[in-house]
Amino acid sequence: MQPSGALGSRRGDRSTGGVVIRSDWENQFVEYFRVRAQPLRRLAYALCGDWHTAEDLVQLTFVRLYRRWPRLRDESVDAYARKIVVNAFLTHRRDRRRESLMAEPPERAAGGADPAETLAIRRALADLAPRQRAAVVLRYLEDLPVTEVAALLGITEGTVKSQTARAIQSMRTALHGAALTRE
């Protein structure tokens, strides 16, 4: 049965013998999901440090994107998606005031950096305040300019600079003065 009223007509779906034909914007959304789900998942993981929570954050992001998709401009979709991920992470951190225990150590990448060093960096990142962590992840892992990080977090550029400087100093202290390099 085809939905009646504004919802069915607004979405532009047509039913043809039991087959639903997607409208153009839905095809664009499916393509965007296919291309951007993994990068957003990596961003979410860098923010929260847990793959399951990262999946939840990305799922929430795509639900919110889907609701607004027809009204979004093409040039602002990536920034809007990152903003949703960051805001969802910050909300999640505020709502979750307990420590989470893991039955097994976190997954590690095949080859590459020293696992002990990577784990120490993850711990130092996890010890940061949520907004500082978001600033560091967006600035150095996502390689976004200060202006874009400020816009995503809803703070001034000066605050981004001071928060990332404090966060990096805290991480250096936690890592016993080890120099953080940008690769």
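Helix α6 (residues 130-141) and helix α8 (residues 157-174) have axes that come within 9 Å and cross at roughly 95 degrees. The two helices are therefore roughly perpendicular, a label given to angles of 65 to 115 degrees. From α6, the contact (heavy atoms within 4.5 Å) takes Gln132, Ala135, Val136, Arg139 and Tyr140. From α8 it takes Gln163, Thr164, Arg166, Ala167, Ile168 and Met171. These residues of the α6 and α8 contact divide into six nonpolar, three polar and two charged. Here Ala, Val, Leu, Ile, Met, Phe, Trp, Tyr, Cys and Pro count as nonpolar, Asp, Glu, Lys and Arg as charged, and the others, Gly among them, as polar. Axes are lines fitted to C-alpha atoms, for helices over the stretch in contact, and angles run from 0 to 180 degrees between N-to-C directions.

The model is predicted: local features need pLDDT of at least 70 and side-chain atom pairs pLDDT 80 or more, while totals for chains, interfaces and linings use all residues. Residues are numbered from 1 along each chain as its sequence is written, and side-chain values use heavy atoms, with hydrogens and water left out.

Now the whole chain. It holds eight helices and two strands. Both kinds of element are DSSP runs numbered from the N terminus: helices are H or I of at least four residues, strands E of at least two. From the N terminus on, the order is α-β-β-α-α-α-α-α-α-α. Of the 183 residues, 32% count as buried (under 20% relative accessible area, with exposed over 50% and partly exposed in between; 1.4 Å probe, protein chains only). Among contacts between residues at least 6 apart in sequence, 57% join residues at least 24 apart.

The largest nonpolar core has 43 residues. Such a core is a set of buried Ala, Val, Leu, Ile, Met, Phe, Trp, Tyr and Cys residues joined through side-chain atoms within 4.5 Å. Leu47, Phe62, Leu138 and Leu153 have the most contacts inside it. Two or more residues each come from α2 (24-48), α3 (51-68), α4 (77-95), α5 (115-126), α6, α7 and α8. The largest share, 11 residues, comes from α2. Leu47 touches Val85, Val86, Phe89, Arg133, Ala134 and Val137, not counting residues up to four places away in sequence.

Thr53 lies in helix α3. At 11% relative accessibility, Thr53 counts as buried. With residues up to four places away in sequence left out, Thr53 touches Cys48 and His92.

Follow the chain past α6. Asp143 is found in the loop between α6 and α7. Asp143 has a positive phi of about 55 degrees, although it is not a glycine. At 48% relative accessibility, Asp143 counts as partly exposed.

Helix α7 (residues 146-153) comes next. Its buried residues are Val146, Val149, Ala150, Leu152 and Leu153. They cover an arc of only 165 degrees around the axis, which puts them on the same side of α7. The arc is that of the directions from the helix axis to the C-beta atoms. An α-helix has 3.6 residues a turn, so residues three or four places apart point the same way. Just after α7, Gly154 takes a positive phi of about 70 degrees.

The axes of α7 and α8 come within 8 Å and cross at roughly 100 degrees. These helices, too, are therefore roughly perpendicular to each other. Val146, Thr147, Val149 and Ala150 of α7 meet Glu157, Val160 and Lys161 of α8. The residues of this contact divide into four nonpolar, one polar and two charged.

Note on methods
Parallel < 35°, antiparallel > 145°, perpendicular 65-115°, else oblique.
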